[in-house]
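Please look at the model shown here before reading on, and keep it in view while the paragraphs take you from the whole chain down to single residues.

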Amino acid sequence: MLFRALCSVVALCLSLVATRAETVQSAGILPVISTRGSLLPVSHSDTSIATRRSASLFRDKSAGGLFAPIAPRPAPQPFGSVHDQVQGILDLIARAEAGPKGYDAVQYGAKIQPRRPPTQLTLAEIETWTRSTPRQQHAIGRYQFIPATLRRLIKDQGLTPDTRFSPQVQDQLAHQLLVEAGLNAFTNGTMTRGDFMLNLAKIWAGLPTATGRSYYKGVANNKATISWDHFYREITALFPGQA
């Protein structure tokens, strides 16, 4: 009799629980946990930053997101690393092209100079100066960019008109020209030293060809400002392992 009485009590309790559950569900009341989203919701949209058309050793790196994995600290670069070699080429080109004025150099044949030093100008202001002073030379900056080349590089790099023509920007643009001259092919051994040097001379008139003359000798008074021997020694010292 006691066992039957206990079974009846259990059955009654189960019936009450089932009835309560049906009442909650019919009233539209849902458990709290079912309505709570993730603390770190997953987004299905691609929010990655688009890469630039031309990578550069001199371009700032964009910071990652709040929960982006921490990038490992790069190993210290020894003297003679690729960055040092690239900087060495740029220094050599600058000596041949710009002289002591460096980043603020303007072609000596420009009778009407910009109102401020080049490093204080925006790219839009340089373009305005170029278009408002026709029939004169407009090579500008440490690497003596001519207007057509500067416009192309600005477009390739995705730079905006209000970008300042800073030393970093000038290095960044010149680095693209090094790559176009075959820097990567030269450093990986698929281009000879002589071919790379000739390609550089085709870009910068102040550098000599193997003849000792500028590739553009006779054009707008262009001439090589360093000797072929000096040019060859400098490149060999920077890249002693390249043929």
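Among the contacts in the chain between residues at least 6 apart in sequence, 61% join residues at least 24 apart, where contact means heavy atoms within 4.5 Å. This is a predicted model, in which local features need pLDDT of at least 70 and side-chain atom pairs count only at pLDDT 80 or more, while totals for chains, interfaces and linings use all residues. Residues are numbered from 1 along each chain as its sequence is written, and side-chain values use heavy atoms, with hydrogens and water left out.

The chain has nine helices and zero strands; in these terms helices (H or I, at least four residues) and strands (E, at least two) are DSSP runs, numbered from the N terminus. Of the 243 residues in the chain, 33% are buried, where buried means under 20% relative accessible area, exposed over 50%, and partly exposed in between, with a 1.4 Å probe and protein chains only.

Helix H5, residues 147-157, shows how burial can be arranged around a helix. Which residues of H5 are buried? They are Leu150, Leu153, Ile154, Asp156 and Gln157, and because they cover an arc of only 165° around the axis, they lie on the same side of H5; the arc is that of the directions from the helix axis to the C-beta atoms. An α-helix has 3.6 residues a turn, so residues three or four places apart point the same way. On the other side of H5, Ala148 and Lys155 are exposed, whereas the buried residues pack against helix H4 (123-132) and helix H6 (167-180). Just after H5, Gly158 takes a positive phi of about 70°.

Two packed helices are described by the angle between their axes and the distance between the axes. Here axes are lines fitted to C-alpha atoms, for helices over the stretch in contact, and angles run from 0 to 180 degrees between N-to-C directions. Angles under 35 degrees count as roughly parallel, over 145 as roughly antiparallel, 65 to 115 as roughly perpendicular and the rest as oblique.

H4 and H5 pack at about 155° with their axes 11 Å apart, which makes H4 roughly antiparallel to H5. Their contact is made by Leu123, Ile126, Glu127, Thr130 and Arg131 of H4 together with Pro147, Leu150, Arg151 and Ile154 of H5.

Helix H3 (residues 82-97) and helix H9 (residues 228-238) have axes that come within 9 Å and cross at roughly 165°, and H3 and H9 are therefore roughly antiparallel to each other. In this pair, Gln85, Gly88, Ile89, Leu92 and Arg95 of H3 meet His230, Phe231, Glu234, Ile235 and Leu238 of H9.

How do the axes of H3 and H6 cross, and within what distance do they come? They come within 11 Å and cross at roughly 100°, so H3 and H6 are roughly perpendicular to each other. Val86, Gln87, Ile89, Leu90 and Ile93 in H3 meet Asp171, Ala174, His175 and Leu178 in H6.

Finally, turn to Leu121, which is placed in the loop between H3 and H4. Leu121 counts as buried because its relative accessibility is 5%. Leaving aside residues up to four places away in sequence, Leu121 touches Pro114, Arg116, Ile126, Thr163, Arg164 and Phe165. Leu121 and Arg164 are 43 residues apart along the chain, yet their C-alpha atoms are separated by 5.7 Å.
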